[in-house]
Amino acid sequence: MNDTIAAISTTLGVGAISIIRVSGPDSISIVGRIFKGKDLNTVDTHTIHYGHIGNNEEVIDEVLVSIMKSPKTFTTEDVVEINCHGGISTTNKVLELVLNQGARLAEPGEFTKRAFLNGRIDLTQAESVMDLINSQNESKRKVAIKGLNGYVSNIIRKLRQEILELLASIEVNIDYPEYEDVEVLTNDKIKPKITKIKEKLAKIIKESENGKILTSGIKTIIIGKPNVGKSSILNRLLDEDKAIVTDIKGTTRDTVEGNITINGVSLNIMDTAGIRDTNDIVEKIGVEKSLSLIPEADLVILVLNNNEELTEEDKKVLESCKDKKTIVVINKNDLERKIDVSKIDYANIINTNTIDLNGMDPLKEKIIELFNLNELEQQDYTYLSSIRQISLAKEANNILEEVEQGIENNIPVDMVEIDIKRVWEKLGEITGETYTEELIDQLFSQFCLGK
């Protein structure tokens, strides 16, 4: 944290502009030694200066240099950004000169990591930075902006404050029992407070699990026996010939992937190998892979042939998906019906085909209904946005359940206090108010270089 780091903050390649970002105590003096123009050590903060970057022998590029002095910067350190002409050679040469003057090449995410460690942002805001960079639809962008602006952090901090006030009251009871004007906190009085906190946390978790759909999308697999129209459905949903379609059984032997957006939410779709008993070793591997993807999916589109009676293979596939959120698609409804739908014990069954122009509309409408996508679009986008955050919230909720159970079993108040403190600390891990070095290193290593 006492050294100065530098990295290219824009995509390396041909373009109008490239930016080299420098942060640390020596950033201004380092850039000043290779900048031909004003004396950067004497200029005002948050100003931009025209000049050239070069060494003693030659001018490398014509540039604009932004000076931002501590503490009102992203990292809270002195920050300099060199705006040079885009291009691989020029950009790398400017970075090389900066490194030769004593800066160190930044690690992935190190600028954001410094912003966190210096108290400029918390962990939820740091993760929102990466979500904003990776956002591929409007909903994901809105969720990321809410997180970046601190709305998510405020929800968790308010909850932690309630827990802290409860802990303080318990401490006073334990340490100063002689104070007559202090409310005596028995387990019976603690329990309603715990229940109220638990209800608030459960609401946050539920809304965040719904909101995670906006940030992570819906992991969807199309599954069924061969020749029921899985690949045709994928192609129609994507509006392109992504998967090979033939009348030969077993044409799809591996997963074929694509992505569409419905009501601002991404559907990450996989077409899988047709499930059947086969002696073909390659096809058999594909079938096993198809079945292994079911537990990981958010949505299973299970395709059956309207023109065939239910087979044993169909029944096996139906059985394998019974515990998942599943839409049963009776495909090829333009053909004579031979399938007995009354034997299919699933709530979400639709009829469709890949021939009609609007053949996929019933499937899209069912997906919107099943995931409440119309309601999600109308909500305020203030959610825990990552699996890490939601997992920690669930762990805290589980501890609260243990606290309630302990109170019912009449364990001493000081023992109850220990578990309540665990909840407070677990929620602190969401915002980064309590953390381990390993977590921080792992989290920021996922960031792009220069951010």
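R388 and E127 form a salt bridge, with their closest N and O atoms 2.9 Å apart; the term stands for a side-chain nitrogen of Lys or Arg within 4 Å of a carboxyl oxygen of Asp or Glu. This pair links distant parts of the chain, since R388 lies in helix α13 (residues 387-408) and E127 in helix α4 (residues 123-134), 261 residues apart. Helices here are DSSP runs of H or I with at least four residues, strands are runs of E with at least two, and both are numbered from the N terminus. Both R388 and E127 are buried, where buried means under 20% relative accessible area, exposed over 50%, and partly exposed in between (1.4 Å probe, protein chains only).

The structure is a predicted model, in which local features need pLDDT of at least 70 and side-chain atom pairs count only at pLDDT 80 or more, while totals for chains, interfaces and linings use all residues. Residues are numbered from 1 along each chain as its sequence is written, and side-chain values use heavy atoms, with hydrogens and water left out.

## Other salt bridges

K225 forms a salt bridge with D314, and the closest N and O atoms are 3.3 Å apart. Here too distant parts of the chain are linked: K225 sits in the loop between β8 (218-223) and α8 (230-238), D314 in helix α10 (residues 312-320), and 89 residues separate them. K225 counts as buried because its relative accessibility is 6%. D314 is also buried, at a relative accessible area of 3%.

The salt bridge of K93 and E96 has an N to O distance of 3.6 Å. These two residues are three apart in helix α2 (residues 88-100), so about one helical turn separates them. K93 is partly exposed at 26% relative accessibility, and E96 is partly exposed with a relative accessible area of 38%. The count of salt bridges comes to 25.

## The enclosed helix α8

Eight of the nine residues of α8 are buried, so this helix is largely enclosed by the rest of the structure. The buried residues are K230, S231, S232, I233, L234, N235, L237 and L238. Their cover includes β8, β9 (256-262), β10 (265-271), β11 (299-305), β12 (326-331) and α11 (361-370). After α8 comes D239, which has a positive phi near 60°.

## A nonpolar surface patch

M1, L117 and Y435 make a nonpolar surface patch of about 260 Å². Patches are made of residues with over 30% relative accessible area and no salt bridge, joining like charges within 9 Å and nonpolar side chains (Val, Leu, Ile, Met, Phe, Trp, Tyr) within 5 Å. Y435 is placed in the loop between α14 (413-431) and α15 (437-444). With 36% relative accessibility, Y435 counts as partly exposed.

## The chain as a whole

The chain has 15 helices and 13 strands. Of its 451 residues, 48% count as buried. Among contacts (heavy atoms within 4.5 Å) between residues at least 6 apart in sequence, 65% join residues at least 24 apart.

Accessible areas come from the Shrake-Rupley method with a 1.4 Å probe, and for residues only the protein chains shown count as cover.
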